[in-house]
Amino acid sequence: MMAIKSSKIPKIYPKPDSKAENLVSDFQSSVYGDRPTFKVSRLGQVKSYEVPSGYGYFIPAFNKAKGMDEVGELLDKNLLLEDILPIIDFLGFKIQDIAKAASVSPSTVSRWDNKSPIGTPGSYQFFKIDEVIKKGVDLFGNTTHLKQWLDSPNMALGNDAPIKNLTSMIGLELVDEALDALHFGNVM
């Protein structure tokens, strides 16, 4: 048997200098406010980064939540119609859209007042919608650009506008995945 020799010369990498290594600390108490931070040390310089906290974008109760356990408690208590009105206004949802997202009939939605609970399935769906809005605002930089993207046909969604998919769980997941793809540089 004949041995095949590689013509490639192995690349020799310099050994890392201990001073040049990144040192990432655990979470620290914040010097910028009440948000947690972490610090990175490199070449004698230290930089602090704030860790975003809270969930969702439009629903204040989710913004204040410190963990998913608090979000779960809020969802178990059910959101009120007044809690989701900013989402409805931003997305321009009609009664049929609200009903589909909340898993109730349009006649039920028409009887709701601002203090009416929207039920557990609806609370969960509107929480997920709020999370997608937050992700979109983080990606696009503001609500105006996100709204333009939501209203535009999208090839990844069968040329449907993403906004048409937000009322179903599967459609919402597809929109979330499309935002993730954009975040990682894919054109969608």
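## Salt bridges, charge and loops in a predicted model

A search of the whole of this predicted model finds four salt bridges.

Visitor: Let's start with the overall layout. What pattern does the protein chain follow along the sequence?

Guide: Happy to begin there. The protein chain has eight helices and three strands. Read along the sequence, the elements of the chain follow the pattern β-β-β-α-α-α-α-α-α-α-α.

Visitor: How many of the residues of the protein chain, as a percentage, count as buried?

Guide: A residue counts as buried when its relative accessible area is under 20%. The accessible surface of the chain comes to about 12,600 Å², with 56% of it belonging to carbon and sulfur atoms. Of the 188 residues, the share that counts as buried is 31%.

Visitor: And what share of the contacts with a separation of 6 or more comes from residues 24 or more positions apart?

Guide: Here a contact means heavy atoms within 4.5 Å. Among contacts in the protein chain with a separation of 6 or more, residues 24 or more positions apart account for 49%.

Visitor: Why does Lys135 count as partly exposed?

Guide: The range for partly exposed lies between buried, under 20%, and exposed, over 50%. Lys135 falls in that range because its relative accessibility is 28%.

Visitor: How many residues apart in sequence are the parts tied together by Asp180 and Lys135?

Guide: Asp180 forms a salt bridge with Lys135, and their closest N and O atoms are 2.8 Å apart. Asp180 lies in helix H8 and Lys135 in helix H6, so the pair ties together parts whose separation in sequence is 45 residues.

Visitor: Is Asp180 buried, partly exposed or exposed?

Guide: The cut-offs are under 20% for buried and over 50% for exposed. Asp180 has a relative accessibility of 29%, so Asp180 counts as partly exposed.

Visitor: Where do Lys147 and Asp151 lie?

Guide: The side chains of Lys147 and Asp151 meet in a salt bridge, 3.0 Å from N to O. The two residues are four residues apart, about one turn of the helix, and both lie in helix H7 (residues 143-151).

Visitor: Which residues gather in the patch of negative charge on the surface?

Guide: One member, Glu70, sits in helix H2 (residues 68-77). Patch residues need over 30% relative accessible area, and Glu70 is partly exposed because its relative accessibility is 31%. The residues gathered in this negative patch are Asp69, Glu70, Glu73 and Asp76.

Visitor: Turning to the backbone, where is Ser103 found?

Guide: Most residues other than glycine have a negative phi. Ser103 has a positive value, with phi near 60°. Ser103 is exposed, with a relative accessible area of 56%. Its place is the loop between helix H4 (95-102) and helix H5 (106-111).

Visitor: What is the phi of Asn159?

Guide: Asn159 is in the loop between H7 and H8. Asn159 is exposed, at 51% relative accessible area. Although Asn159 is not a glycine, its phi is positive, at about 65°.

Visitor: Last one: how many Å apart in space are Asn78 and Ile118, C-alpha to C-alpha?

Guide: Asn78 is in the loop between H2 and helix H3 (81-91). Not counting residues up to four places away in sequence, Asn78 touches Pro117, Gly119, Thr120 and Ser123. Asn78 and Ile118 are 40 residues apart in sequence, and their C-alpha separation is 6.4 Å.

How values were computed:
Residues numbered from 1 in each chain as written. Predicted model: local features only at pLDDT ≥ 70, side-chain atom pairs only at ≥ 80, totals over all residues. Heavy atoms only, no water. Patch = residues over 30% accessible without salt bridge, like charges linked within 9 Å, V, L, I, M, F, W, Y side chains within 5 Å. Areas by Shrake-Rupley, 256 points an atom, 1.4 Å probe, with all protein chains shown as cover. Lys, Arg positive; Asp, Glu negative; His and termini not counted. Charge placed at Lys NZ, Arg CZ, Asp CG, Glu CD. Buried < 20%, exposed > 50% of the residue type's maximum accessible area, 1.4 Å probe, protein only.
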